[in-house]
Amino acid sequence: MNAAKEWIKENVHTPVSELIKRLNIKLRGHYNYYGLSHNMYKMRSFFRYVGNTLYKTLKRRGQRHKLNWEKFGKIMYYNPLLRPMITVKLWE
């Protein structure tokens, strides 16, 4: 989790659409690796952690126009984060 937080902080000055595009690539790799059956709870937890970290980091970006949840919701509507998915089913 710390690696995701550090990566978001390092790339905070990237334009938002590009930042989320790159973050989705990293999320896809995470879901492909950890997307085993019966692991959805942990993957959703990681998804929420990344979303909250992204919100907190973007909120610190500007001094004049502070980001609130409504504006963040609009950003997420137009640039959604990749949702968790099970990629490997071990047991049927």
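**Figure 1. Arg-22 and Glu-18 in helix α2.** Because Arg-22 and Glu-18 are four residues apart in helix α2, about one helical turn separates them. In this predicted model, their side chains meet in a salt bridge, with an N to O distance of 3.2 Å. A search of the whole structure finds one salt bridge. Arg-22 has a relative accessibility of 36% and therefore counts as partly exposed. Glu-18, at 29% relative accessibility, likewise counts as partly exposed.

**Figure 2. The largest nonpolar core.** This core has 21 residues. Those with the most contacts inside it are Leu-23, Leu-27, Val-50, Leu-54, Leu-58, Phe-72 and Leu-81. At least two core residues are supplied by each of the helices α1 (2-10), α2 (16-34), α3 (40-59) and α4 (69-78). The largest share, seven residues, comes from α3.

**Figure 3. The surroundings of Leu-54.** Leu-54 is one of the core residues with the most contacts inside the core, and it is buried in α3. When residues up to four places away in sequence are not counted, Leu-54 touches Ile-8, Leu-19, Ile-20, Leu-23, Phe-72, Met-76 and Leu-81. Among these partners, Leu-23, Phe-72 and Leu-81 are also listed with the most contacts inside the core.

Figure 4. Helix α3 has 20 residues, which at 1.5 Å a residue should span 28 Å.

**Figure 5. His-38 in the loop between α2 and α3.** The loop that joins the view of these two helices contains His-38. Its phi angle is near 70°, a positive value in a residue other than glycine. His-38 has a relative accessible area of 71% and is therefore exposed.

**Figure 6. A nonpolar patch on the surface.** Leu-36, Val-88, Leu-90 and Trp-91 form this patch. Together, these four residues have about 380 Å² of accessible area. Trp-91 lies in the segment after α4. Its relative accessibility is 56%, and because the cut-off for an exposed residue is over 50%, Trp-91 counts as exposed.

Key: Residues are numbered from 1 along each chain as its sequence is written. This is a predicted model: local features need pLDDT of at least 70, side-chain atom pairs count only at pLDDT 80 or more; totals for chains, interfaces and linings use all residues. Side-chain values use heavy atoms; hydrogens and water are left out. A nonpolar core is a set of buried Ala, Val, Leu, Ile, Met, Phe, Trp, Tyr and Cys residues joined through side-chain atoms within 4.5 Å. Buried means under 20% relative accessible area, exposed over 50%, partly exposed in between (1.4 Å probe, protein chains only). Contact means heavy atoms within 4.5 Å. Patches are made of residues with over 30% relative accessible area and no salt bridge: like charges are joined within 9 Å, nonpolar side chains (Val, Leu, Ile, Met, Phe, Trp, Tyr) within 5 Å. Accessible areas come from the Shrake-Rupley method with a 1.4 Å probe; for residues, only the protein chains shown count as cover. The expected span of a helix is 1.5 Å times one less than its number of residues.
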